[in-house]
Amino acid sequence: MTKGHYPSTATRRPDRAALFIAVVLAAIAGLIFWDVSRLAGAAGYSQVGPTTVPYAIACCLLALAIWTGFEAFRGDFPERERQEIAPVIWIVGGLAAQMLLLNVAGFSIATGILFALTARGFGKRKLWFSLPVGIVLCFVVWVIFAKLLQLSLPAGPLERLFF
């Protein structure tokens, strides 16, 4: 069927998001190629050396970049819904808060804030509830990893209060 003078299957423009992904994949592949080229590639007695796997990964990433770019120009990717930016901001804000507070506030509080802000990003509106729940859960995780498994996690005022 046609609508007016145009066929119903009008050609779509190249997918800009997929082209961006293809460029990023190619850039990562190029970075790996450049970094591995600086290594001393002494393979020793076999053909496999310290550069073999990074070169294979870079080749795979480059192949994915080419494939993604080709599919983007063909318009084979399905139409995507409009991206909701607010949940992304909540989650990225939680990650930034955790990174900034980890050494100051300790693992439990910093990761509890990440938990609460991520829950808010996924639609849980009650920060007054999810923040203490997150801190308690993260404190339990800290106790398991730091005390039982003897792994080093940053301790803050809450952890020093109990241990």
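Phe139 is buried, with a relative accessible area of 15%; buried means under 20% relative accessible area, exposed over 50% and partly exposed in between, with a 1.4 Å probe and protein chains only. The model is predicted, so local features need pLDDT of at least 70 and side-chain atom pairs count only at pLDDT 80 or more, while totals for chains, interfaces and linings use all residues. Residues are numbered from 1 along each chain as its sequence is written, and side-chain values use heavy atoms, with hydrogens and water left out.

**Aromatic pairs**

- The structure holds six aromatic pairs; rings of Phe, Tyr and Trp (its six-membered ring) pair if their centres lie within 6.5 Å, and planes under 30 degrees apart count as stacked, over 60 as edge-to-face and the rest as tilted.
- One of these pairs joins Phe139 and Trp142, which are stacked at 6.1 Å centre to centre with 20° between the planes.
- Phe139 and Trp142 are three residues apart in helix H5 and are therefore separated by about one helical turn; helices (H or I, at least four residues) and strands (E, at least two) are DSSP runs numbered from the N terminus.
- Trp142 is buried as well, at 4% relative accessibility.
- Trp142 and Phe163 form a tilted pair, because their ring centres are 5.8 Å apart and their planes stand at 50°.
- Since Trp142 lies in helix H5 and Phe163 in the segment after helix H6 (157–162), this pair ties together parts that are 21 residues apart in sequence.
- Phe139, Trp142, Phe162 and Phe163 make up one aromatic cluster.

**Packing of H4 and H5**

- Helix H4 (residues 107–121) and helix H5 (residues 127–148) have axes that come within 7 Å and cross at roughly 135°; axes are lines fitted to C-alpha atoms, for helices over the stretch in contact, and angles run from 0 to 180 degrees between N-to-C directions.
- H4 and H5 are therefore oblique to each other, where under 35 degrees counts as roughly parallel, over 145 as roughly antiparallel, 65 to 115 as roughly perpendicular and the rest as oblique.
- Residues of H4 including Phe107, Ile113 and Arg120 meet residues of H5, among them Leu127, Phe139 and Trp142, contact being heavy atoms within 4.5 Å.

**Gln98**

- Gln98 is found in helix H3 (residues 85–105) and counts as buried at 16% relative accessibility.
- Leaving aside residues up to four places away in sequence, Gln98 touches Ala110, Thr111 and Leu114.
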